[in-house]
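These are my notebook entries on one structure, written in the order in which I looked things up. I began by settling what I would call a contact, and then went through the chain topic by topic.

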Amino acid sequence: MKSKILQLLKDSDGYVSGEEISKVLGVSRTAIWKVISHLKEEGYVIESVTKKGYLLQETPDLLTEDEILYHLKTKWLGRKIVHYHQIDSTNKEAKKLAASGEKEGTIVISEEQLAGRGRLGRTWISPAGTGIWMSVILRPSIAPTDASKITLLAGLAVCEGIKEATGLPVQIKWPNDLVLHNKKICGILTEMSAEMEKINYIILGIGINVNTDSFPEDLKNTATSLKIEGEKEYDRKEIVKAILMYLEQYYELYMKNQDMEDLLEKYKNHCLTLGKEVKIIHRNEEFIGKAVDLSKEGELMVEKQDGQVITVFSGEVSVRGLYGY
Ligand code: BTX
């Protein structure tokens, strides 16, 4: 009932009377009053005037289920949102949910992470109320060896979603760092539970610096936020909604075709790694070359200094001019 009352308030240009809400939803005036009090506690500013009714004046800047579901255009992705004000890591929580049977498409979002994680055990700083720290539960029926393609298409979807919602010229650093004006604004951590032939679930952890004002000294040269680069605050909800829409669309496209051809064409248009000199650190090997293309599978093709072209599946890739290399 809470989300329905909220929707009536949001959809109205002016006051909505208690009588009208009561008629539309078939609930008592007392029940409505209780919901309104509850909404006020959550941070909604609602004016109540005798004989006129209720007027929604302000919405809290929170990534709650009610806020994200409002005008969300997806069919199944993000239709259930588990929201926290504070958590250790949304990926950790999403893994717990997925392991106990949570369905595909459910999302865990937190306003703040106390132990946000990057790849290879690194830390992802996730201060309160300034970013998007969310994890998506997916259950693709593909071979575990194809899981890296989900990471690639997620990078593409997040890039296009941010671009659509903000107009900022975000680019992808292969495989899936998002970069704005040569600094990192987003990282993606994909974790998987699988058997030999089958994926049980994939957790797609997405971290985006949206309205962050500053970063610790050691990250200042490499990290940035949409606010720092765009010089204004952005609406986190609208960014989440746009990302979910692209992610659902691209995921469905990949699952239907079981190939990356169409998606890779789009990916290449946003990828700043191609054509650049790169340094590859893979296992104990390190070499410099030029990123010339992506293979059909989405791997990076690098021309070494001796002219030999090799395919890089994963590992650390530095791009000259980026993050201090
Ligand atoms: P990564 O290993 O590519 O990046 C981690 C590195 O990036 C850190 O070692 C640090 O140098 C730098 N870094 C840390 N925090 C930030 C930040 N906020 N902005 C820019 N650079 C930073 C990337 O890993 C994957 C990050 C995924 C984060 C999401 S948030 C939701 C989900 N839950 C969770 O615990 N992780 C994911």
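Throughout these entries, contact means heavy atoms within 4.5 Å. I also note at the outset that this is a predicted model.

**Entry: Val35 and helix H3**

I looked up Val35 with that cut-off in mind and found that, once its neighbours within four places in sequence are left aside, Val35 is in contact with Met1, Lys2 and Ile5. Val35 sits in helix H3, which covers residues 29-41. Since buried means under 20% relative accessible area, Val35 counts as buried because its value is 11%. I then took a distance to a residue elsewhere in the chain: Val35 and Lys103 are 68 residues apart in sequence, and their C-alpha atoms are separated by 29 Å.

Ala31 belongs to helix H3 as well, but I recorded Ala31 as partly exposed, at a relative accessible area of 23%. From Ala31 to Glu111, 80 residues apart along the chain, the C-alpha separation is 29 Å.

**Entry: domains**

Which domains does the assignment give? I noted domain 1 as 2-58, domain 2 as 65-270 and domain 3 as 277-319. For the pair formed by domain 2 and domain 3, I found their centres, taken over C-alpha atoms, to be separated by 25 Å, while twelve residues of domain 2 are in contact with 14 residues of domain 3.

**Entry: nonpolar cores**

I looked next at the largest nonpolar core, which has 67 residues, and in which Ile162, Ile208 and Leu226 are the residues with the most contacts inside the core. Another core, of 14 residues, lies apart from it, and among its members are Leu9, Val27, Val35 and Ile46.

I then listed the partners of Ile162, leaving aside its neighbours within four places in sequence: Ile162 is in contact with Gly167, Val170, Leu178, Ile185, Ile208, Leu226, Ile239 and Ile243.

**Entry: helices H6 and H8**

How do H6 and H8 pass each other? The axes of H6 (residues 147-166) and H8 (residues 236-257) come within 8 Å and cross at roughly 140°, and I recorded the crossing as right-handed.

**Entry: Thr74**

Is Thr74 buried or exposed? With a relative accessibility of 6%, Thr74 counts as buried, and I located Thr74 in the loop between helix H4 (65-69) and strand E3 (81-84). Leaving aside neighbours within four places in sequence, I found Thr74 in contact with Arg79, Leu244, Met245 and Glu248. Thr74 and Ala242 lie 168 residues apart in sequence, yet their C-alpha atoms are 9.4 Å apart in space.

**Entry: Glu231**

I found Glu231 in the loop between helix H7 (226-230) and H8, and I recorded Glu231 as exposed, at 72% relative accessibility. The C-alpha atoms of Glu231 and Asp213, 18 residues apart along the chain, are separated by 10.0 Å.

**Entry: backbone geometry**

I kept the backbone for the end. Most residues other than glycine have a negative phi, and most peptide bonds are trans.

- The peptide bond from Trp174 to Pro175 is cis, with omega near 0°, and I found Pro175 in the loop between strand E6 (171-173) and strand E7 (177-180).
- Leu120 has a positive phi, near 50°, and lies in the loop between strand E4 (107-110) and strand E5 (131-138); at a relative accessible area of 72%, I recorded Leu120 as exposed.
- Asn182 has a positive phi as well, near 70°, and I located Asn182 in the loop between E7 and strand E8 (183-194); Asn182 is partly exposed, at a relative accessible area of 42%.

Technical notes
Residues numbered from 1 in each chain as written. Predicted model: local features only at pLDDT ≥ 70, side-chain atom pairs only at ≥ 80, totals over all residues. Heavy atoms only, no water. Core = buried A, V, L, I, M, F, W, Y, C linked by side-chain atoms within 4.5 Å. Buried < 20%, exposed > 50% of the residue type's maximum accessible area, 1.4 Å probe, protein only. Axes fitted to C-alpha atoms, helices over the stretch in contact; angles between N-to-C directions. Helix = DSSP H or I, 4+ residues; strand = E, 2+ residues; numbered from the N terminus. Left-handed = near helix turned anticlockwise from the far one by under 90°. Domains from an automatic or database assignment.
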